[in-house]
Amino acid sequence: MKATLGAGLGLKPQHFDDALHCTQDEMWFEVHPENYLMAGGPRLAWLDAVRSRHPLSLHGVSLSLAGAAPPDAQHLGRLAGLIRRVEPALVSEHLAWSTLDRRYYPDLLPVPRTSAVLARVADNIQRAQNQLQHRIAIENPSHYLRMDNHDWSETDFLDELVRRSGCGLLVDINNVYVSAHNIGYDARTYLDNLPAEAILEIHLAGHSIDAGEDSETGLLIDSHDAPVNDAVWTLYRHLIERIGERPTLIERDDKIPDFAELMAERDRAQELLSTQGALK
Amino acid sequence: MNGVADTFQRDFIRAIYGIDSEDSALSALTTQPGFKVYRNTVLKACVDALAANYPTIVRLVGEEWFRSAALIHACAEPPESVCLIEYGRGFADFLSMFGPAADLPYLGDVARLDRCWTECHIAADEAALDASMLAELSEVDLLQSALRPRSGVRWHWSPSQAAYSIWQANRTQGALAEELDWSGEGVLLNRIDGHVEWQAASRGMCVFLDACVAGQDLQSATAKAVQAEPELDVARLLGTLINAEAFASPFITTQ
């Protein structure tokens, strides 16, 4: 197993055998830990088997770091157990909230970027990092709403979170592209404003146009159900030309094609990374 | 803690579930087309999770009916756990009480069996009792031993429904027997080598396992089982359960 992470794939149950037998250099897989927090059984055995061949990244969707309450202690305890078990190369979460009053609302809900929220998110990230004994990379959200109660730009907010909590960043370029379209900002400027040294991982994914809408005026949805869009590839190249190689994930969660088709996208990212690496 | 953000989050969730806020700042969000993206994502994820966790019910009632019923339940009972494979603990009770399902009185019990399957599937890994340990005990010691069911074992008795027959036929997409027994059916589910297996369980077996999980010793557990099922062959019951790897090791001697 090589120590460096190149381009990887989200791990899907239907690709278990392919993942196990994949021998590409610098290959790695990412999972949502929420699917593996059970006490035992075949899912965990399956994850252990893949982990015995490849590095893993745990990409959480439910820690609710921007939530009104600190991250749930029981959840953190279970997650810490999974981290000890699989020794992931990367651990990541989102700038979002999804739990309230001990109920879970399975989505990444939007965050008003005020100074009070910033302090709370930084505190929650620190608590989580301390309990997990692992640095967390925070992912930029997809936006569907124009909110006028922000005090901070998103890039400044993320930069300040890094300073205060010691977290890293996960840059989802598709989220940047979708959000730039939906709420109107310049995707390149956004990427240029992110602190390069804090970026630990990059996500690439496909998106779709909201049903019944046209592509000019309609919302783009971060649906992860299509190949990575050409404009997202162009932004990716632009980012890695500035910051250098970073572990890069192809995310696909719906309309999942054959493993070979996902590997072709993964290889495209790997080639860009390798070319970039040769330039450095 | 920031009170303003708390209010924002509480109002946002209420709006997802269709409860309007008087707060104009929130209305400025909920009236945008993008708000429905959040509403749809939250509710779809809950309904998808129920469909994944209750596949037999989906097959019995069809996708459309299932999703309508699941949406009603999802709105009343959002998930408590962030692990959605654990979602839906109350779904069987909901179906039992659900007016439109009155013509399908077995639905709740069939859903309980899907739940049993999931609980077996995600239970802790645990070694089975080595039967030779029991053979070494005197009869007195044996009767005073408490056998503990393994984590990955579940059982359920349906007193007036052919729930097991219906569940099994639909879960395996097999044929349903032409004559169903409506005088009560039970099932024992058990995860062995990563696979959840099942077999029919008698009333006595279910009562026996209930007593075991409550920590009762073999003497009192078998007495209860025989009381519930007078014709029960206790030696055969124990043999069946040991063969099914239903007990954990080590067992506990109560004295």
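The dialogue below goes through a sheet, a strand, a core and a chain contact.

Modeller: Please keep in mind that this is a predicted model. We may begin with a sheet in chain B.

Biologist: In what order do the strands of the open sheet in chain B stand, and what is the sense of their pairing?

Modeller: The order is β2-β3-β4 in chain B, three strands in an open sheet with antiparallel pairing. Strands β2 (153-158) and β4 (195-201) of chain B stand at the edges with a single partner strand each, so one side of each has no neighbour in the sheet. On average, neighbouring strands here are turned by 20° against each other, direction ignored.

Biologist: How many bridges join β3 of chain B to β4(B), and which residues are partners?

Modeller: Strand β3 (residues 185-192) of chain B is joined to β4(B) by seven bridges. B:Val187 has B:Ala200 as its bridge partner, and B:Ile192 has B:His195. The hairpin of β3(B) and β4(B) leaves two residues between the strands, and B:Asp193 takes a positive phi near 50° there.

Biologist: Which helices lie across β2, β3 and β4 of chain B?

Modeller: Helix α7 (residues 107-122) of chain B lies across these strands and runs at about 170° to β2(B). Helix α10 (residues 163-171) of chain B also lies across them, running at about 45° to β3(B).

Biologist: Let us turn to chain A. Why is strand β4 of chain A said to be largely enclosed?

Modeller: Five of the five residues of β4 (residues 90-94) of chain A are buried, so the strand is largely enclosed by the rest of the structure. A:Leu90, A:Ser92 and A:His94 are buried on one side, and A:Val91 and A:Glu93 are buried on the other.

Biologist: Which strands pair with β4(A)?

Modeller: Strand β3 (residues 56-59) of chain A pairs with β4(A) in the parallel sense over three bridges, and A:Ser57 has A:Leu90 as its bridge partner. Strand β7 (residues 137-139) of chain A is also parallel to β4(A) and joined to it by three bridges; A:Ala137 in β7(A) stands opposite A:Ser92. A right-handed β-α-β unit is made by β3(A), helix α3 (residues 73-86) of chain A and β4(A).

Biologist: How should I read a nonpolar core?

Modeller: In soluble globular proteins, nonpolar side chains tend to be buried together. Here the largest nonpolar core has 148 residues, of which A:Ile138, A:Leu169, A:Ile173 and A:Leu204 touch the most other members. Helix α3 (residues 35-53) of chain B gives the most to this core, with nine residues. Leaving aside neighbours within four places in sequence, A:Ile138 is in contact with residues including A:Glu93, A:His94, A:Leu158 and A:Leu169.

Biologist: How many residues does each chain bring to the contact between chains A and B?

Modeller: The size of an interface is often given as the accessible area lost when the parts come together. Counted by residues, this contact takes 38 from chain B and 32 from chain A. On the side of chain B that touches chain A, α1 (3-16), α2 (24-30), α3 and α7 of chain B each supply at least two residues. The largest share, eight residues, comes from α1(B). By class, this side of chain B has 24 nonpolar, nine polar and five charged residues.

Methods:
Residues numbered from 1 in each chain as written. Chains lettered and ligands numbered in written order. Predicted model: local features only at pLDDT ≥ 70, side-chain atom pairs only at ≥ 80, totals over all residues. Pairing = 2+ DSSP bridges. Helix = DSSP H or I, 4+ residues; strand = E, 2+ residues; numbered from the N terminus. Axes fitted to C-alpha atoms, helices over the stretch in contact; angles between N-to-C directions. Contact = placed C-beta atoms within 7 Å. Core = buried A, V, L, I, M, F, W, Y, C linked by C-beta atoms within 7 Å. Buried ≥ 20, exposed ≤ 12 C-beta atoms within 10 Å, placed from the backbone. Nonpolar A, V, L, I, M, F, W, Y, C, P; charged D, E, K, R; others polar. Right-handed = clockwise from strand over helix to strand, strands pointing away.
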